[in-house]
Structures are given as C-alpha cells and as structure tokens.
There are 4 protein chains.
Amino acid sequence: MIVYVRGNAGENGIASLGDYINGLGGSFHRAYLFEKTFFVVSGIDMEQTCEHPAIEKIFRPGTPYQLAHRELNPEGTAVAVGGAVIGDGCVSVIAGPCSVENKQQLSEIAGFVKSAGAEVLRGGAYKLRTSPYTFQGLGEEGLKILKEVSEENNIPVVTEFTDTRDADLLFQYADIIQIGTRNSLNFPLLQLAGEMGKPVLLKRGQSSTVEEFLMASEHILSRGNSQVILCERGIRTFEDATRNTLDISAIPILKRATHLPVIADPSHAAGDSYLVPALALAAIAAGADGIMVEVHSAPQAALSDSGQALSFSQFSDMMENINKITGAFGKAAHAPLRGAER
Amino acid sequence: MIVYVRGNAGENGIASLGDYINGLGGSFHRAYLFEKTFFVVSGIDMEQTCEHPAIEKIFRPGTPYQLAHRELNPEGTAVAVGGAVIGDGCVSVIAGPCSVENKQQLSEIAGFVKSAGAEVLRGGAYKLRTSPYTFQGLGEEGLKILKEVSEENNIPVVTEFTDTRDADLLFQYADIIQIGTRNSLNFPLLQLAGEMGKPVLLKRGQSSTVEEFLMASEHILSRGNSQVILCERGIRTFEDATRNTLDISAIPILKRATHLPVIADPSHAAGDSYLVPALALAAIAAGADGIMVEVHSAPQAALSDSGQALSFSQFSDMMENINKITGAFGKAAHAPLRGAER
Amino acid sequence: MIVYVRGNAGENGIASLGDYINGLGGSFHRAYLFEKTFFVVSGIDMEQTCEHPAIEKIFRPGTPYQLAHRELNPEGTAVAVGGAVIGDGCVSVIAGPCSVENKQQLSEIAGFVKSAGAEVLRGGAYKLRTSPYTFQGLGEEGLKILKEVSEENNIPVVTEFTDTRDADLLFQYADIIQIGTRNSLNFPLLQLAGEMGKPVLLKRGQSSTVEEFLMASEHILSRGNSQVILCERGIRTFEDATRNTLDISAIPILKRATHLPVIADPSHAAGDSYLVPALALAAIAAGADGIMVEVHSAPQAALSDSGQALSFSQFSDMMENINKITGAFGKAAHAPLRGAER
Amino acid sequence: MIVYVRGNAGENGIASLGDYINGLGGSFHRAYLFEKTFFVVSGIDMEQTCEHPAIEKIFRPGTPYQLAHRELNPEGTAVAVGGAVIGDGCVSVIAGPCSVENKQQLSEIAGFVKSAGAEVLRGGAYKLRTSPYTFQGLGEEGLKILKEVSEENNIPVVTEFTDTRDADLLFQYADIIQIGTRNSLNFPLLQLAGEMGKPVLLKRGQSSTVEEFLMASEHILSRGNSQVILCERGIRTFEDATRNTLDISAIPILKRATHLPVIADPSHAAGDSYLVPALALAAIAAGADGIMVEVHSAPQAALSDSGQALSFSQFSDMMENINKITGAFGKAAHAPLRGAER
C-alpha cells in the first residue's frame, strides 16, 4: 500500500505520519521519487484510517511491487542521460562490444555504432565468467577507456557493476550502471546502485519471473532512484537451440505493469548473431522502448561472446529494418503496443 | 543421409537400389515428395559407394531431421488449400473460435474474420480438455458445422485430429488436419495424418525442442506428405505470467532449418487476449509466414479458453497493425527475416 | 464435488438423482469404483440441497481431481495382477528390457529378473521413437513373445499402448496397460485404457505438473477403472546432465494427494545406468510403492535406450540395497513416508 | 589441464615453470590445495612438452572444472570445523532457523537440534528477501547472537555471506561461510569467500546446471580453499507444487564428478515442512553426505520461511528415520551410493 504524502507536509508532518502508522501497528518505507514523498506501508490496511493530514491519497497496487507500479507515473518514466533518452516513445539502440578490449577496438566500434544510430555505447570492464581461468575484463583500465571513448565520441556509456566494493569507480566512470543477469537478485548491489543516483540498466535474472524482475527493480526504486531501465534478455528453459529463450511476452506484460522503460537484449538471448536482427525486430514490434546488442569490428576475434556479436554490416542492415518498422507506426514506434496494452 | 533417386529409374531401378543398399548393410525408407523419390538411408555411409545407376545425388543433412531439411526444397514449401496459400512469402492469418459451439456462432465469426482478412477458419470439434468433466467438443456434429460454414463462406477450415479412429471423419470434413500440442509426439497419429494426403498443421509440443518439433514433422513427411505447416505455440517454462512462453526465436531458427512454412499461435502462448496483438506482430517481424489466433463474437461466453479469445474489434485493430508491418517491408512481409536468415 | 450414491438406491433412484441434479442446473458424470456408484457433479454447489434420498454423502475435494482424491479410498488402492500386488505397503519391482527384441532375449531377462525379485516384467512392443527411421518395436509379434514368456515364467507383463486402434491386441496380450509419457495427455487413449478393465500404468508427462498428472489419471478413473498405477519418470528441465529430472518430491506429494499407488522409473529419468540404483533407493526412501527399471542381458547391444539399461549384476546389487532399506523400516517399506505424509 | 608441481620445486622452480608455460604460449593459474601446488594451464596442450623439471605429472580432466575434479583427491575431501566433519562417510545434519530472530529463540533451537544429533547450527543474519519491505535479518546483531549461542552450545555455525563489504564481519563470527542460491554466480563474492580461509557451504543456483555448480566451486578452489561443501537445494522448473524441484540426481552425479562433500537442503527445495523428511531420506539414500534443514521452536511464528520449518517433533522423527537408513548400510551411510557410483 502506498501513501502519497502531501507536498506541503514538511518534515514535521512526515514524522508525525510515521508515528501515526507505527501507532496503528504498521511499518513503512519512505522514498522520494518523481519529486514527491511516498510511504510504502506494510502490516496494516489503512482503508478506514486515512485521516492523517499529511496523507494526500492512498494507492493499493494489489501487486507485490509497489513503486514500480505503472500507476506511480502513468505516462511512463523516461531515462535521460548524456543526450540519450530511453522510454520517450521512440526506439533507442544501445550497442557495443561484450568486453572492452583496448582503446582502438572500442573507438572504432563506438564511432561506427553511433554513426549508424546507436544512442548509448555498451562495453564490459568487469566480466563475470563461468570459468575463473578465462578473460575477466580489464577492470579499472577498461572503465578509463570507456570514459575516454565516451567523451571523444560524445556518446554515453553503460557498463556492468559486479561488486559493491567498486561503487566509487563505477560512479566515476559510468553513465548508466548495468546490473547483469547473474546479479539480478543480489539485493545489496541493487540497493547500492539505487543510492548512486545514476540511471540503472537492470537485466532480468535468467530464472526470474516477470514479478521477481519487477521486485528487483523495487529494491532500486525504494532507494529513491526512478531512473531504471528494465532489460529482457532471455530466460533459462529446456530449449538448447538458443543460449536463452527470449521471453517476448515479457515486453507487453512489463509495459502494462510498470512505468519503467523496457528494452530487450537479443544478443544474450540468442547466443548466435544470425538470430539477433529477427529478435530485435520482434522486440520492437512487441512494444520495446529499445534494444541492446553486441557489435564487434571483428566478431570472430572477440575476447568474449564472439558467436553472438553482430558485424558492422549486420548492424547496419538491422538498423535499416528497425527504421522500416518504426516508420510504419509513425514517429512513436510503439504505437501498436500502446494500443494493445490498454 | 538422403539419396535422390533419378526420375527415370523406374520401379525396377528403385528395387535394385534397395537391394544394393541392403547389400551394403544399410536400411532405407522410401518417400515420394516434390514429385521425386527419395531414399532416407540409415546404418551406412554411402560416400564411397554411390555408383548405383538409380542414384542422382546424395545429400547429408548433418541433422537428425532429413526430409524436413531446407535443402530438400530451398525456395520453401507453400501449402495451398481452398484458395489460401501459406508459405508463399505473404503473411497468412488463421482465425476462429477455440471450439465450434453451434452453427450461428461459427457463421458469425467466420463471416467476420474473413471480411477482416483471415484466409483460413479454425474451430475445434474434438477438444482435449484437462478435466474429463468439462466440455469436450461437439465431435462429428462440430465437423459438420465446420463444413457447412466453410462452404457458405468459401473459406477453408482447420480442425484438430485427436484419435486415429477418427481418420475417416476428419478426412471427410476438414481441409487442414491439425495436430495439437498434446499429440505432437503421438507418432501413430502423425503418421496417419501424413497418409491422409491433406495439409497438416503441426503444433509444437509444449516441451519439445525445436529439433524434436522438426522430427515430429519428419514422421509426416516420411509418409510422402510435404504439405506441413509448423506452428510455434509456446513452451512450458517456470514463468507463470503467461500460459506458455512463446519461443519467438524458434521462428527464425525454423525458417533457416526447414523448407516448411512456419506460423505462430499467440493465443495459446499468451493465454490472455490483451497480449495477443503484440505477440502476433512480434512473430511477423521475426519472419513468421502467418499467425493463428482465437476470435470469438462474445469472448467471455466462450465454452473454452474464453480468456484468450480476441473480440472482433481487437482482431480488426490487430489486422490493421499487421498490414502496417507487412507494408513497411513491401509485399513480401518476411523480407527482414529473409535477410537475417542467410 | 462428489456424491456418494446409496448402495440401495437402485437404477430408479440413480435416474431420479440424475434428474434432480439436472433440475438444479448441474451436470454429472457417473462412475462405479470400489463397488460403489459415484456422481461427479459440476456446475452447482449442492451444500444446501442434499435432500435427495439416493445421496449417501457429499464430498468436496477442493481440488480439480475428484475420483483420484485420497479420500475416495483412504487406506490406499492396491493393484493386484497375476500374483503381483502394487500398493500393498511393500516395495514392488518391475523390470525388463526397453524393447522386446526376440524370444530368447526376453526369456533370459525374464528368468533373471524374476529370480532376483521382480514381480512384473516390462517390455515394449510398440515403441514411440523420435525418429521414424529407427527401430519401432516388433508390434504384434512382440506382444506374442511377451505373452509366451509371461506364461513360461509365471510373471505378469506390462507393455505400452500407443494407438487406440490397437486396443483389442493389447487387451489380449497385456496384463498391465502402460500409457507412456508422450501419451500422458492423449485423453482418448487414456479413456479407452480405462474402459478395457485391466490395470493401467500411467507415466507422468514430461511437462505435466503433479496436478495435471492426477487429472490424467482422472480420465481413466472416470471410466470406472480404479486400477491405476502412477509412475514418476522425470520431467523436462534446463538440466542436461540427465535425460530428465526425476521429481522426487512428486512421490510424497502424490502419496498424500491420492489413493493410487505411486512408483518411480529411474531409468528414463536418469538416462544413464550408473545413476539408476541411487535414484531407485531414493524413490523408495521417499515412499514409493515400487520402481520400474530397464534391465538387459547385454545392455550395450540393446536395440533402444542402451545407455540406461542395468546389467544383471547391477540389478542384483540394487535389489540387495533395496532390501536393506525396506528391512530397516520393517516389512512395510514405506513407513517413513507414511509418517511424513500425515 | 592441471600440472602437479613437484613438492621440491621451490619458488625458483615454480617461477621457471611459469616462464616455460608462458613461453609456449599458454597461461596458468596457480593454486595451493591439499598441501600441493597446482598450475591450471589454459591455451596450450602440454602433452608433448612436459619435460620441465618442476612438473610431477599432468592431468587432463576433460571437463570445464579442473580443481573440483574427483581425481584431485580421489578419497574425497572432508570438511572439519569445530568438532563437526562433513564428508567423512557419515551423514551430517545441519539444522536451525531460517533467520536469527533473538537470542532466546536461537538458544532454544540450538540446544534442541544438537541434542537430537545435529552437528552444525544454521541461522541467517543477512537475509536476501524478494521484497525490500520485509524482514531483512538482524545483520551484525544476528552474527553476535550466532557466535554466543555457538559457544554456549559448543556447536559450529554456518551463516550467509551476501556482500563483499561484510567479509571482515563474517570472518569474525562465522565458522562456515554460506553462499546462497541468489549469489551462486556472484564470482567476486565466491572468490573472496575462497580467500577467507574458512569452510564454504555453496548452494546451487536455482537455474545452474550441475556443471555450472561445479564451476562456481572452482572459483573458490582456485583461491586455494579446498574446504567447500556443495549443497543441492532444488532448481527452478515449471512444477509449482513445490517451491523448487529437488534435483535428486545431482547427488550421485556430483559424488562421482568431484571430491567435494555433497549435501542437500530439502527445506528450500520443498517449501513445505511435510515434504522435508521424505526428501531428506531420499537424499541420504541417494548418497548425500548430509542434509541441511530449517527447524523452528514455533514454525508458524517464524519471521521468514515459516511454511517450511520443521517443528521439534518433526525433526526428532526425521532423525530417527535417518538413523534407520544409515544403520541399514553400516556406519558408512553412503555405501549404496559408493557402490552405485563406480
């Protein structure tokens, strides 16, 4: 249950409201989002008792997720960063290599994907690899390269945050903080990302339900950070023809359930570059606010995930087809989904 | 391993080839497809031994499926029935109620979906229901209604075949024989459907891999029937926000793997009508040759699957959006996928 | 909702009760089980209306399965056939080859497994194989061999029923009718098996929930056949270290939910013979009424499933360990589970 | 590929070996385990080149996991801590509440479970909860209570490590460091746990394959820590009758694959206390070195996971049945599995 606190309640009014709720036997979590103070209340039902003067209104989402509920921001939340906007009704493309390998590699890729229409550059500096004996990323050196290339190409960067001890480094170098699928239920990491005050790109856990995915975002939102991008990237199923099974249905479900922007990562879902363009188009047709794909200047030589990276020409072709779809639905690419979701 | 038999081999040449293969220690299955005789050979590798005069060429698919391999008909197989063509490069729509309930219901729905652009009418007469105590379909009475409505509306019908004892009835009344997800591994039924000489719409088993799905089609093809439409309809996963998880990746994978047309059934995948249009558009963007959806004149009153049936207005809106996508890619709606698949 | 019909109601009373229920707007299915007539009633709640003289009592299972509910036979149903009893509180072992290959093979295996303690002989005559080009079983010839070996060794046989057209043959030759995992949702086949009046061994579908498994048994029970043995044989998951994932929890869940006996098939779950003994012991420790395993005199030469068949010495060792466990819990091997289930 | 370094190689010999491998174009990871130095070598095959004097022998596991391979310690690794030994051939029981709630609660439970035969006390101080609005554990206060109760009852404790920033605290208070299912792929956390020099109880990720589970242990072993206990706790599947599906097959597979001890957590697998004893017995019959279960003095009032905690009497009954099984197989409870695994 969410209590909207009156804008003029003041700290005294807020404190009084907290006492009031505790007095009724309830507990509450306070969060400041969309320039407004919310109390997420647990343990009591305040239906008959909303007479406290600091209460503007009460909303019962009827779902385990609270602040992520679409009703909190019915027009939808747009995430703006370094010139890019994700969730404004247009389709955004995030592209780049799996791992940052060296400055030349990243510069070349950044220049190309930007010229082809990408709004954000991706690249991993800390890589979570199944084997401790393979390339684990360049670490801080990779972050520095990202920052340099970002500035030289005037494109914001997203990179993965894997260890709470790295928070200061990530804050310094990244524009968007990525939480990967392996850390999707690492709540201390999520909460810390929420406290960093930067946009967070949250990937779905490979065995998370849509509801658990939304609950993971709630850990970030509850820290007062509404700048969260949800990323469907495939779930684990019995099917082994793909690395993961892209859950295309999650896109329209999430668009209806939450105010947060929703993108898809067809590269990690497919695990094979030939499938990526078809899945990217499908995600956009299903209403995604954007896609994140892996692109490499020499896919076969990539230090990680080489099988799924698009070549430059594959990326260009895909962008052309994306433009055909968005063109067909007018400027607001998601119109069909918007229609479907109501 | 597939042996293409020379067109002029004659029955004597074919018999001699069979003896030759047996003599080498191999076994073979003979099938006549695309106006050509094929031998699917097992147990030997004929690389060094293709000197028999009846052999035109030898093809090693390198996959468990043989006759379903794309190489057998590289341009793709189109299924033509009663004026409809599925797999000719355009998007086909199959629509109708889950169950045939009565003639008036079916007539009304058939008239509407045809006017809105559907090429084939669907409707179940034999329903496989989890509970033996719920509506099990009208049986033969339902088949008769289907036939009448088909003729009155000049639209071919697809209906489900659930019991080998019903083969004659199905043959008499149906234009396309549907094998449902529960019977996707019922090989006697598949083989009998293959022998009926009518087009078969084969749904993927809810726990079949893409490869097993292709192997199921092989049971039909091996009976000399190339008129098979593959239908992705969602697989069973841990996710419970949808009835099944539409495996959107299966579409581009199948389009590359096989010559058979591939459609999607978003209704059974989603289990909720609000999701159907978004999934239908996604399937088409991913390269599907068509979709099959449930439509009802009064969805809430449907005798089965009421939650997932589209209303008439939902269906019309969806068709409009489908046309926007196919328009964007020129007449051949699958152009983007065709690009991706090579 | 289940209505227990009074034993002295007579056909007139029963007919009157049917009219009464229809008059209230309900529908009913009549079944005769445990020497008693039951009405499974749908569409109405008869709480306030059980004044009809043919009603003995009313039971509301609160579950989708009705006649399978444990309450219908609280002490548990035992299936007795040809000297074997499954479900009487002792552990039963069903063993034999995957496929009947020839009489000598089956005789040798039958003699051995019986001497080592097996109560029932298994062997497939109709094999559902993923590929249409591999050994499909000996068919009727296999059934005849089964019958001969059964009589010569005085051991009942279980074999798979795969096509409704084979009902007469199966009835003639089999002691227990097996429904395999691929046909677990083939309701016409299940219903026909129910009508044959012979015990049915029903395997769980590879993607069936426990509840769907019970609903499949309901299709048999609803035909007046209470002689159903449920067989857990593994479900399909992402894990590929085994052929299927044995759902060991299903055993105590089923033992509590239903009156039917529950056995496990570790051979098909594991797909590798070295795992079979450990899984067999686990199933028994979890409360199973028995196990079904594949045994072959020369596993590596088996015509199907060669990797999972136990050799004679593996089978003997396993039987010895089973006896240790059953010995530890007294004659009634399932005592621990019985304790747990209440 | 693993190089066993000669015990008398000295730092000079080890350095020379490193240069030698680099010179061949390979890379290596050095680990000290079982009082021996190992080089895990990547990128080259040293079959023809093992002439370096520091090489004792070369082992090719043929699996992605290297140091976890059973061959590294064929008799099996036993983990000894505070009087308890896990993996010595007897069955060990770890028991306690889900969360530490207060000292009185923990004391009462610790006293009881120890008297009934538990060797290790479990209890969470940092809880990873799906919702940020529910009880998140007592944190450091919980660790202090664990330490006090451990000392007063002379029983070692295991508790969960959830954030790399908490390493010093965990080191100070815990006897065994638990890595939970949500962090099973949080490699920085695993590596840090490996460096702490304390035994680690590693739970399987809810969507990890057995191979990925072993690779997670490799991250710990690679830091020179061989004291790792593997805990099967159920995987995520479509089945919703249980919280997770206990993968009983993983037990014999792991016992054969690795030298590490293997236990099962039936509480989190089942999610319902009535199933726990049957699953615990099954795990032991399948060859587990022990079990970990949740026990509470007042299960219904537990602050977390109340549905799955055993009451004191359920725990006592289960322990009695465990003793029956271990008794049946002699002192070494795992004899049946040991037999099965070879």
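How many residue pairs are in polar contact between chain B and chain A, with both residues at pLDDT 80 or more? The count is 4 residue pairs, a polar contact being a pair of N or O atoms within 3.5 Å, where within protein one must be able to donate a hydrogen and the other to accept it, and residues adjacent in sequence count only if both atoms are side-chain atoms.

This is a predicted model, in which local features need pLDDT of at least 70, side-chain atom pairs count only at pLDDT 80 or more, and totals for chains, interfaces and linings use all residues. Residues are numbered from 1 along each chain as its sequence is written, chains are lettered from A and ligands numbered from 1 in the order in which they are written, and side-chain values use heavy atoms, with hydrogens and water left out.

**View 1. Interface of chain B and chain A.** Chain B brings 39 residues and chain A 38 residues to the contact (heavy atoms within 4.5 Å). About 3,200 Å² is buried between the two chains, 74% of it on carbon and sulfur atoms; buried area is the accessible area (1.4 Å probe) that two parts lose on being put together, summed over both.

**View 2. Salt bridge of A:Glu239 and B:Arg204.** The side chains of these two residues meet at 2.6 Å, N to O. Chain B and chain A have 2 salt bridges between them (a side-chain nitrogen of Lys or Arg within 4 Å of a carboxyl oxygen of Asp or Glu).

**View 3. Helices on the side of chain B that touches chain A.** Helices H7 (250-257), H9 (276-285), H10 (312-328) and H11 (335-341) of chain B each supply at least two residues of this side; helices (H or I, at least four residues) are DSSP runs, numbered from the N terminus. H9(B) gives the largest share, 6 residues.

**View 4. Interface of chain C and chain D.** The contact involves 38 residues of chain C and 40 residues of chain D. Between them about 3,200 Å² is buried, with 74% from carbon and sulfur atoms. On the chain C side, C:Phe238, C:Tyr274 and C:Phe329 lose the most area to chain D, together 19% of what that side buries.

**View 5. Salt bridge of D:Arg204 and C:Glu239.** The closest N and O atoms of this pair are 2.6 Å apart. Chain C and chain D have 2 salt bridges between them, and 4 residue pairs are in polar contact across this interface, both residues at pLDDT 80 or more.
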